[in-house]
Amino acid sequence: MAVTIADRYRAVREATIALAAPLAAEDQVVQSMPDASPTKWHLAHTTWFFETMVLAAFDPAHRPVDERYCFLFNSYYEGLGDRQPRPRRGLITRPTLDEVRAYRDAVDASMARLLHSGAAPEAIDRTELGLQHEQQHQELILTDIQHALWSNPLRPAYRDAPASASPSAPPIEWIRHDEGVVEVGHAGRGFAFDNEAPRHRVFLEAFAIADRAVTCGEFADFIADGGYRRPELWLSDGWAAVRAEGWTAPFYWEQRDGSWWEFTLAGMREIERAAAVSHVSHFEADAYARWAGARLPTEFEWEQAAEWPLPGRVWEWTSSAYLPYPRFVPLAGDLGEYNGKFMSGQMVLRGGSCLTPASHIRRTY
């Protein structure tokens with residue numbers, strides 16, 4: 001039996017609530033740093049997206065649940081007016097968590113009526129965009145709450161520990177790829193964000209790429225060899241960050257009795273040497289690659305080499321700047337602010353992590 005857009009809408013929205021379920025109300029209102037958002041804000045913002053981008057445009061009978069929510073829960077859409085500054089989202093103690101849940105219920109009821117009434121194709125397309133957007137926020141709920149719980153001196157766990165990885169990783173094998181012209185970008189089948197298109201050709205020199213991610217054990221060897229004390233390994237801005245921020249290890253790592261431990265969603269645990277290293281910046285990934293006698297791949301090398309289906313262990317850094325593809329055209333109207341205006345001063349991550357919903361991962365994402 002085919003899955004309808006209404007079925008998918010219900011499943012994605014329920015998955016978000018399930019992610020918040022282990023959290024106390026107090027957990028869901030805290031904002032532990034300017035770049036993170038409270039869980040309650042994620043629950044409300046994803047709902048605001050459907051109300052503003054779908055219901056307001058395609059349901060003439062819909063009336064805003066609360067006019068003030070457009071200010072409180074708009075993220076960065078300049079065309080939709082002023083908003084609460086991102087670093088101050090933790091100050092939104094009202095509406096309460098119960099009121100935000102009621103807001104979700106009200107919008108979900110309106111969306112169900114719209115989707116079961118034969119919604120226009122554009123409304124369905126916007127709904128799918130909203131679901132993909134919500135899946136992004138599902139990952140953000142987990143990454144943001146990890147930082148919030150780490151900031152708590154008790155270092156509480158979000159969930160029980162998963163099964164441990166194997167005690168050792170196989171040796172890296174280098175997979176060679178010949179030079180040639182290849183097609184990259186989304187091929188037009190299924191959903192993709194506007195920044196994944198249009199598909200176009202690029203020429204790649206011959207290259208080789210590792211068949212697995214760098215492990216925690218390998219990164220610990222980099223640290224032991226003075227990786228954070230050797231300026232010759234670092235890009236200039238990276239070395240400046242090391243000195244200014246006092247970096248000595250990946251984020252969430254700390255030493256206890258001579259061993260490296262890290263804070264995870266399951267609390268503090270000794271690092272698993274065979275597990276993929278995570279929570280490293282682009283600068284740290286680049287420095288490690290240089291230490292290992294290698295380099296980061298370009299995003300197009302990565303795309304050509306990526307296994308399918310992608311394992312979704314960790315997002316993987318590339319050496320590519322985040323720039324538009326040839327003939328890139330952003331979405332029309334307010335949705336055009338979704339990606340295009342951020343194509344400056346950022347580097348490209350590819351793949352997905354163990355926190356990325358499996359249906360959300362694509363080779364071109």
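Visitor: Which helix gives the most to the lining of the largest cavity?

Guide: That is helix H5, spanning residues 121–151, which contributes 4 residues to the lining. Please keep in mind as we go that this is a predicted model.

Visitor: How much space lies in that largest cavity?

Guide: The largest cavity holds about 50 Å³ of space, and the structure has 1 cavity of 30 Å³ or more.

Visitor: And which residues line the largest cavity?

Guide: The lining includes Ile141, Asp144, Ile145 and Ala148, and among the others are Asp27, Val30, Gln31, Ser32 and Pro38. Sorted by class, the residues of this lining come out as 6 nonpolar, 4 polar and 2 charged.

Visitor: How does one look for empty space like that?

Guide: A probe the size of a water molecule is rolled over the atoms, and this shows where empty space is left.

Visitor: OK, pockets now. What volume does the second largest pocket have?

Guide: Its volume is about 240 Å³, and 13 residues line the second largest pocket, with Asp125, Arg126, Leu129, Leu331 and Leu335 lying nearest its centre.

Visitor: How many of the residues in that lining are charged?

Guide: There are 4 charged residues in the lining of the second largest pocket, alongside 8 nonpolar and 1 polar.

Visitor: Changing topic: where does Thr318 lie?

Guide: Thr318 is part of strand E8, which covers residues 316–321.

Visitor: Is Thr318 buried or exposed?

Guide: Thr318 counts as buried, because its relative accessibility is 0%.

Visitor: What is Thr318 in contact with, leaving aside its neighbours within four places in sequence?

Guide: With those neighbours set aside, the contacts of Thr318 include His282, Leu296, Trp302, Met347 and Arg350. Arg350 is 32 residues away from Thr318 along the chain, yet the C-alpha atoms of the two are separated by 7.3 Å. The side chain of Thr318 also reaches the backbone nitrogen of Ser320, at 3.2 Å.

Visitor: Is Cys354 buried or exposed?

Guide: Cys354 is exposed, since its relative accessible area is 59%, whereas Cys70, with a relative accessible area of 27%, is partly exposed.

Note on methods:
Residues numbered from 1 in each chain as written. Predicted model: local features only at pLDDT ≥ 70, side-chain atom pairs only at ≥ 80, totals over all residues. Heavy atoms only, no water. Helix = DSSP H or I, 4+ residues; strand = E, 2+ residues; numbered from the N terminus. Buried < 20%, exposed > 50% of the residue type's maximum accessible area, 1.4 Å probe, protein only. Contact = heavy atoms within 4.5 Å. Polar contact = N/O pair within 3.5 Å; in protein donor to acceptor, adjacent residues only side chain to side chain. 1 Å grid on protein atoms, 1.4 Å probe; cavity = no way out; pocket = protein on both sides within 12 Å on 5 of 7 lines; lining within 4 Å. Points joined across faces, edges and corners; volume = space filled by probe spheres on them. Nonpolar A, V, L, I, M, F, W, Y, C, P; charged D, E, K, R; others polar.
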